[in-house]
Amino acid sequence: MNLSTPTSLTFLGTADAVPEAGRDVASFVVNGTHLVDMGWYSTAQMFRYGIDPLKIKTIILTHCHQDHYLGLPQFFFYWSQRWRPEMGTPSLTMIGPEDMLKVLEVTWTFLLAERYPEFIWRPDVHIIEPGEPYETADYSLSACRTRHPVDGRCYRFVDHRNGVAVGFTGDTAYHEPIAEQVRDVDLLLHDATFPFDYPRKGLDQDGHSTAIDAARIAKMAQVRTLMLMHYQLDRCEESLRQAADIFSNVSYAKEGQTVEILPAQG
Ligand SMILES: [Zn+2]
Ligand SMILES: [Zn+2]
């Protein structure tokens, strides 16, 4: 292990469901090679923030609501246009819940893939279930279920180069089992869709968290750092103050921001 090598995260977008002017929806890249969720504009956002789309080795989907996979056709089309024969056969692993199989099938259909030789390849697909960790040479990944209207995964990603652990919830209402899944991680990215005083209907109906919900989970899990994702801009400052009263090391993830995480000392 190389403890001086940081784990890097670059945020391609941080908004909820629908982009606002100048903001894409929640998606980020780990170590320049592992993409988590696919926003409306993810491929174009990669150019903007210095990530080469051809270097992506893994796409991890938290769940299959449209705002988390809409950019897949553009991404595959980009690969079909820019992948060069000397690079060998395109190699990509996709990890997510079972709904991903349907999404992939219709994506290739949408691209009319059978008509074009450049679409002859397919990604390797790994359906991840809670309690069944997935290991590669670069990282390990485990998951628990989220509290959301569709089958979602909250992941714990461990970078094998330095032992840094990152948790990301995808979309979820306040859900205490998540605290176990992400216990002691160096960085937790948590859904913070609603302002702190959002009038709740009920956790299962809402399916999303406030900044306060995220801070309560971060505190319970004793994580090092909390970043809030999948949010609307209105009332952020107030929500952040409220969250910081519960868990002080908290910020909103910003589009285009890159964070580098080194293992904790000692
Ligand atoms: Zn979403
Ligand atoms: Zn969702």
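Select helix 6 and helix 7 first. Here Ala211, Ile212, Ala214, Ala215, Arg216 and Lys219 of helix 6 meet Ser239, Leu240, Gln242, Ala243 and Ile246 of helix 7. Contact means that two C-beta atoms, placed from the backbone, lie within 7 Å. Helices (H or I, at least four residues) and strands (E, at least two) are DSSP runs, numbered from the N terminus.

This is a predicted model: local features need pLDDT of at least 70, side-chain atom pairs count only at pLDDT 80 or more, and totals for chains, interfaces and linings use all residues. Residues are numbered from 1 along each chain as its sequence is written, while chains are lettered from A and ligands numbered from 1 in the order in which they are written.

**Turn to the helix pair.** Two packed helices are described by the angle between their axes and the distance between the axes. Helix 6 and helix 7 pack at about 20°, with axes 8 Å apart. Therefore helix 6 is roughly parallel to helix 7 (an angle under 35 degrees). Axes are lines fitted to C-alpha atoms, for helices over the stretch in contact, and angles run from 0 to 180 degrees between N-to-C directions.

**Stay on helix 6, residues 211-221.** Colour the buried ones, among them Asp213, Ile217, Ala218 and Ala221. Now show their cover, which includes helix 4 (177-181), strand 11 (187-191), strand 12 (225-229), helix 7 (236-246) and strand 13 (250-252). Step just past the end of helix 6 to Gln222, which takes a positive phi of about 50°.

Seven strands form an open sheet in the order 6-5-4-3-2-1-14, with mixed pairing. Two strands pair if DSSP finds at least two bridges between them. The edges are strand 6 (124-127) and strand 14 (258-261), each pairing on one side only. From one strand to the next, the twist averages 20°.

Zoom in on strand 2 (residues 27-30) and strand 3 (residues 34-36). They run antiparallel, joined by three bridges. Select Phe28: Val36 in strand 3 stands opposite.

**Zoom out.** The chain has seven helices and 14 strands. Buried residues make up 44% of its 266 residues. The C-alpha atoms fill a box of roughly 55 × 45 × 35 Å, taken along the principal axes.

Conventions. Buried ≥ 20, exposed ≤ 12 C-beta atoms within 10 Å, placed from the backbone. Parallel < 35°, antiparallel > 145°, perpendicular 65-115°, else oblique.
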